[in-house]
Amino acid sequence: MNVIEVSELTKKFGSFTAVDHISFDVKEGEIFGFLGANGAGKTTAIQMLCGISNPTSGKGTVAGYDIFKENEQIKHNIGYMSQKFSLYEDLKVWENIRLFAGIYGMNDKEIKENTRRLLKQLDFESERDTMVASLPLGWKQKLAFSIAIFHTPKIVFLDEPTGGVDPAARRQFWEMILDAAYKGITVFVTTHYMDEAEYCDRVSIMVDGRIDALDTPHNLKQQSQAQNMDEVFRKLARKAKRIN
Amino acid sequence: MGKSVLTSPAIMIDVRDLHKSYGHTVALAGVSCSVNDAEIFGIIGPDGAGKTSLFRILASLLLPDSGSALMNGVDVVKDYEKIRRMIGYMPGKFSLYQDLTVEENLYLFATVFNTTIEENYHLVKDIYQQIEPFKTRRAGRLSGGMKQKLALCCALIHKPEVLLLDEPTTGVDPVSRKEFWDMLRQLKKQGITILVSTAYMDEASLCDRIALIQKGRFLGIDTPQGIISSYRRSLWSLHAGNVRGLLENIRSYPHVRSCFAFGESHHVAVEEGFSERDFQQYLSSKGYGQIHLEPISPTVEDFFLDMTIDN
């Protein structure tokens with residue numbers, strides 16, 4: 001089953017085509033790496049997939065819902081986190097969990113039970129009443145991810161979740177992502193760390209609004225005759241004509 | 001008995017025993033280092049290690065509790081006004097005026113420092129030309145890569161002696177990162193001293209020297225090669241046909257000190273008494289096939305991860 005199906009999806013801002021006829025599918029339980037240089041159109045594409053921006057043309061479904069007509073249903077069936085926006089800094093740990101779970105429509109009983117379970121699982125019980133602002137970045141990211149999948153969405157969108165995170169915290173974070181994927185949550189992730197691209201089942205690379213390559217990391221390396229994903233990325237991204 | 005023919009390089013930044021606490025939280029617990037003239041000096045450490053506090057003290061934006069820092073002999077506390085003319089500072093967060101255009105931001109920074117864009121254009125030319133097609137665009141509407149180039153131009157326009165770059169490439173794609181480091185090397189050639197922090201370990205190896213910082217202390221200062229050669233463990237790269245549960249299984253093996261994913265393989269640091277054959281057998285017994293195990297040389301990243309375990 002496909003959790004995302006997109007065909008000829010396009011977004012124009014005036015005369016500028018940010019996303020240019022992209023087509024792809026993402027399978028259930030897959031970790032899908034969505035790569036591209038700054039300005040290649042990744043964020044615009046994600047906004048369309050999450051139901052917060054209307055496509056100019058094309059068609060698609062996310063979690064089984066139409067991206068044109070069923071934005072609200074999409075929002076209820078996805079999770080989202082990015083490095084730029086994840087948690088409210090001036091709320092406590094438990095208050096952030098409560099807030100997001102409420103927005104996603106969970107009832108009080110569910111929230112209470114699951115909060116206890118989550119804090120235990122993260123070994124965060126002593127931080128329940130801590131202001132998020134005073135947590136180290138690596139902890140914040142772990143908490144933000146846990147909250148993004150707290151309502152067990154079909155798919156979670158992670159927009160540069162590990163930006164600026166140190167190597168040890170980055171790896172802990174990816175162990176959480178792999179764990180979520182094993183449990184059946186589909187993961188759609190962007191990153192600028194090319195070693196992380198290797199952890200994905202499949203990877204697409206956007207160049208100037210188009211998807212220039214889409215395959216497993218293994219096949220992409222073979223096709224580009226590259227040693228690693230960093231080399232694959234550089235070979236493709238260098239073809240970009242758009243200035244960013 | 002002649003004079004020494006070896007001339008040691010001039011010291012540009014001299015940091016001595018800096019301490020800084022916020023209430024009960026210790027950010028810097030006594031750091032000292034000296035950075036040579038025209039050196040690229042990297043500050044590498046986990047989040048919350050004290051990197052940003054150090055940058056802010058050197059930029060004269062934060063007062064240390066004790067200790068001192070001199071730049072070309074000028075004290076960052078007593079002579080902060082002089083310091084601000086000597087340094088170009090790029091904070092971790094994008095801090096230009098979002099509602100001014102590219103051109104207006106650069107003009108503003110030049111004017112504040114009593115200079116003109118024309119006077120120091122040679123310093124920023126290579127970088128500025130890349131964003132010039134967008135000079136009338138508001139800074140808030142630039143892409144990440146362009147914002148970073150503009151921020152570097154603004155930090156350079158008054159011809160600073162020292163550049164302080166706090167995680168300048170966070171959120172920047174691999175191609176733009178490479179371009180950014182090419183620019184830093186050009187600036188070094190022009191005699192500018194660069195203090196830079198980063199979470200990318202491949203960038204650490206591009207520095208002349210690096211300081212590893214953890215919990216407000218420097219754990220070591222050396223060349224990247226020197227840091228690597230002080231790694232004392234035996235390190236193996238492991239590749240297996242399937243990876244589900246592999247990390248946990250490797251970590252629970254007796255002689256394994258640590259195991260981390262490194263792209264498509266795993267790096268396994270082992271203790272004395274480790275036997276390659278026994279380990280292979282162990283993995284087979286756990287159901288893993290197509291195992292490829294080989295000894296490898298460590299990278300700065302391996303060193304960093306090892307250091308994190310110790311603390």
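This report covers a sheet, a helix pair and a chain contact in a predicted model.

**The sheet of chain A**

Six strands of chain A form an open sheet with mixed pairing, in the order β6-β7-β8-β3-β9-β10. Its edges are β6 (78–82) and β10 (210–215) of chain A, each of which pairs on one side only. From one strand to the next, the twist averages 15°. Within the sheet, β7 (residues 155–159) and β8 (residues 186–190) of chain A are parallel partners over five bridges. Here Phe157(A) stands opposite Phe188(A) in β8(A).

| Helix (chain A) | Strands touched (chain A) | Angle between directions |
|---|---|---|
| α6 (residues 167–182) | β3 (31–36), β7 and β8 | about 150° with β8(A) |
| α9 (residues 229–237) | β3, β9 (202–207) and β10 | about 30° with β9(A) |

**The α3–α4 pair**

Helix α3 (residues 93–103) and helix α4 (residues 108–121) of chain A have axes that come within 11 Å and cross at roughly 135°. Therefore α3(A) is oblique to α4(A). Their crossing is right-handed. From α3(A), the contact uses Trp94(A), Ile97(A), Arg98(A) and Ala101(A); from α4(A), it uses Ile111(A), Thr115(A) and Leu118(A). By class, that is five nonpolar, one polar and one charged residues.

**Where the chains meet**

Chain A puts 33 residues into the contact and chain B 29 residues. On the side of chain B, the elements giving two or more residues are α5 (144–156), α6 (174–189), β12 (256–262) and α11 (300–310). With four residues, α11(B) gives the most. The side of chain B that touches chain A has 14 nonpolar, nine polar and six charged residues.

Methods: Residues numbered from 1 in each chain as written. Chains lettered and ligands numbered in written order. Predicted model: local features only at pLDDT ≥ 70, side-chain atom pairs only at ≥ 80, totals over all residues. Axes fitted to C-alpha atoms, helices over the stretch in contact; angles between N-to-C directions. Parallel < 35°, antiparallel > 145°, perpendicular 65-115°, else oblique. Left-handed = near helix turned anticlockwise from the far one by under 90°. Contact = placed C-beta atoms within 7 Å. Nonpolar A, V, L, I, M, F, W, Y, C, P; charged D, E, K, R; others polar. Pairing = 2+ DSSP bridges.
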